[in-house]
Protein chains: 2
Amino acid sequence: MQPFILEKIKKIVGSEHYYDSPEDRISYSYDGTPMLQQLPEAVVFPQNNEQISELLHLANKEKFSIIPRGAGTGLSGGSIPVENSIVVVMTKWNKIIEIDIANLTALVEPGMVTGVLQKEVEKLGLFYPPDPGSMNVCTIGGNVAENAGGLRGLKYGVTKNYVLGVEMILPTGEFLKIGGKSVKDVAGYNLKDIVIGSEGTLGIFTKILLKLIPLPTRSKTITVNFKKIIDSGKSVADIISSRITPSMVEFLDNTTMNCVEDYTKIGLDRNSEAMLLIEVDGRVSSVDEDAETIVSILKKNNAAQIRIAEDPTEALLLKTARRSAFSALARRKPTTILEDATVPRSELPVMIEKVREAASNFNVAIGNFGHAGDGNLHPTCLTDERDSVEITRAHKAFGFIFNEAIKLGGTITGEHGTGLAKKDFLESAVGKEGIEFMKKIKMVVDPNNVLNPGKILTIAPRCEGTLPTKREQIPDFHSHH
Amino acid sequence: MQPFILEKIKKIVGSEHYYDSPEDRISYSYDGTPMLQQLPEAVVFPQNNEQISELLHLANKEKFSIIPRGAGTGLSGGSIPVENSIVVVMTKWNKIIEIDIANLTALVEPGMVTGVLQKEVEKLGLFYPPDPGSMNVCTIGGNVAENAGGLRGLKYGVTKNYVLGVEMILPTGEFLKIGGKSVKDVAGYNLKDIVIGSEGTLGIFTKILLKLIPLPTRSKTITVNFKKIIDSGKSVADIISSRITPSMVEFLDNTTMNCVEDYTKIGLDRNSEAMLLIEVDGRVSSVDEDAETIVSILKKNNAAQIRIAEDPTEALLLKTARRSAFSALARRKPTTILEDATVPRSELPVMIEKVREAASNFNVAIGNFGHAGDGNLHPTCLTDERDSVEITRAHKAFGFIFNEAIKLGGTITGEHGTGLAKKDFLESAVGKEGIEFMKKIKMVVDPNNVLNPGKILTIAPRCEGTLPTKREQIPDFHSHH
């Protein structure tokens, strides 16, 4: 990037909010996704809407790219810089602006940490359910950009079910406010739900209005082990068809369980093929009733060991163990590729089997865990990116897994997004016409393709005669982080 | 329209599915919205996807408009023809294709009648909650196009909360399949939620995949009258802040109550200022507990008369009375203008007062009822469209009501859509930038503006030199229906 452009950028945000040393640029060159890295030209922390707008105006004029970023915990490469780009970091926008008790809403800044918000609203007897694995560090803005899920999705849904409105700066620099405190609103097209999950490609959020719900008064946490993995899948199907809606039905295979046990030492059974962690919540009466029904279903399906948490402390311990699955797996090998193939609930046992087939056919180590109640699995390859032969096999294994998920009526991503990591598989999930529709939206909202270009979609050059832009190439040099 | 084009249209669908007699054209010249009418050139009932696609290709080539239509019960003019248009009626696409018990989904054709689907799934112990007022005649396709709400929205949400996927023909004739049975899916932009509520302007649905839920095992229905309208509003606020989520909290003012009593003779109190109809559902234990809490809240708020339905028959009678509100009001005067201003829940008492102010300031008769728990009111003007002076006052009254709703943080439409009827108010609800974003989407998906043009948005002529199209003008001749 030409120095005069960097000077202009520095002038917009102020020199104390502008960073371009090699250390700073390296720190923002990657996110939670393995094997993707690109140095930005600079990193800036804008102070207000006007600065964001000016940065976008300048990007459109001088044809550089802007990469919005929260905590950088994303798992599909949504906040990886591209060539000739600057990173716009929103983590300092981390305040709760208002909690409205009468309407059960929270207005927050996009850099608000999800877990911090949750603790604050719980003090008031309220509940913000979406709980991505990274909830103690990730931001609401990133959650909205990726439409993040979590363990409680089965009963409570995902981030988009809790977004009532957003304020944002469009790629062309204009301010747009969408939605509000009315719980119903059908005025014009539903712009809110197109920007949710758009992975920072359609705008930079500046405020987010969230829906809260009453905090459940009681919950019960159950863990259960199975000698045979198939019985865990059958149990999930039986629980769902018994018309109970647990708040969590989490699955861990033997590999994941052993890694978690190495890490947490809470006494998981190292020899069983699978484990489920189940939570029911709600009213006192219904929770006890549901827990009993679930235990009888588990017994019928050859449960080897059923453990019901005695108190909230034990329940938290069990859930924390499950939440540590990714970190626990990541300790085993230098590179952890975490995926999130998703299938209709009824196909879960088949999909679990297909993941085992993938590991064995392509000779790679794959731990498997995930949100079984949603049909959302996280097959996780434990590998080493320096071993390019094994990495090639790993990619083939994931290709196989995505293909099988789609054949079963599923999708390539349940909650992590497409980003860079899954672009090549998007057409198989949404079809050529789906891609075309998406491209049309991106091209008309961001005509110069300046905002997070190359994520989700590859936009072809507009007219012949223009050189293809290099900005969207994924760099092929790898780094360890 | 030139005869050779009509001949081509007839050839596409077959002469037995093509109608162009004056009687046929008049029958499809209006919908549930008062004072809007326009004759189409022809009315067709396509038999398959290919015919729909061919019709759209022809429309793009010959520059006529296509108006998709379900049962025509819409209240914002979403299915009113425009000049030089044909109506494509989908009511014969009315089959359930599959009910998947394991995944709790129903795949239906768009002409499926909502109430018929509900009865079918209830036989299996399942539940499709969205219940617009017209549920016994309206179609799922129309519900999805308008993102229809209903009485159960407070607890169960609206149509979009139950759509897992759609198959559709795009304005340019291509087939697009969106979504599937996976409950979580973040592959690419969320196209599903942009086509839901797009009022037939972005595509014609050919199949719709719906989410079902378990049927609640018990419900309790309560009606309550208040001497003072303000106490009804306070009761609603207190119920919501008590953290109970009833399945219905419906409001009827004195005018509506009297019209309903004239019509149904079920013994409503003609002298009280307001009435609430409240339903709680769920498990046996929680339903009884919630009903008791609600009764004590009502008593504290000076309830004049509380009636708890003794049995399902009585409960159905009370709910049917509420559902008849629109028809009951419509008997009073030749023209009924039903609106749906929506405000944050906490502002409901203020908004009820503003509706009374509107009626008195502009000297028009306005009955008021609606989904109080959602802040979604249906102020309904009882008038006569032949009295143009009174109609002018009525429009001013609604202008005042929409303005006040927006000032309170609300919106111009909670569940009826923008259509033709509320286009003039859209900018006040979503802003200039919101309109621009919506126009960009419409123009890029439907470049020749052939599919339901002029609904929601007025697309300006593309380039200078092209004559402004007349197709989007709302005809100003009125008819009685």
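This is a predicted model: local features need pLDDT of at least 70, side-chain atom pairs count only at pLDDT 80 or more; totals for chains, interfaces and linings use all residues.
Residues are numbered from 1 along each chain as its sequence is written, and chains are lettered from A in the order in which they are written. Local features need pLDDT of at least 70, side-chain atom pairs count only at pLDDT 80 or more, totals for chains, interfaces and linings use all residues, and side-chain values use heavy atoms, with hydrogens and water left out.

Chain B is superposed on chain A by a rotation of 180 degrees with 0.0 Å of shift along the axis, at an RMSD of 0.0 Å (least squares on the C-alpha atoms of residues with pLDDT of at least 70 in both copies). The two copies are therefore related as by a two-fold rotation axis. Both use the same surface, since 99% of the contact residues of chain B recur in chain A.

The contact between the chains (heavy atoms within 4.5 Å) takes 78 residues from chain B and 77 residues from chain A. About 6200 Å² is buried between them, 60% of it on carbon and sulfur atoms; buried area is the accessible area (1.4 Å probe) lost by two parts on being put together, summed over both. On the side of chain B, B:Lys184, B:Tyr189 and B:Phe437 supply 16% of the area buried against chain A, more than any other three residues.

Across this interface there are 10 salt bridges (a side-chain nitrogen of Lys or Arg within 4 Å of a carboxyl oxygen of Asp or Glu). B:Arg283 and A:Glu289 meet in a salt bridge, at 3.0 Å from N to O. Helix 15 of chain B gives the largest share of the side that touches chain A, 12 residues (helices are DSSP runs of H or I, at least four residues, numbered from the N terminus).

Within chain A, the domain assignment, automatic or from a database, gives domain 1 (1-215) and domain 2 (218-407). Their C-alpha centres lie 30 Å apart, and 12 residues of domain 1 are in contact with 23 residues of domain 2. The area buried between these domains is about 1500 Å², with 63% from carbon and sulfur atoms. In domain 1, A:Met35, A:Leu151 and A:Leu154 lose the most area to domain 2, together 51% of what that side buries. Two salt bridges are found across the domain interface. A:Arg323 and A:Asp131 also meet through their side chains in a salt bridge, at 2.8 Å from N to O.

Methods. Helices (H or I, at least four residues) and strands (E, at least two) are DSSP runs, numbered from the N terminus.
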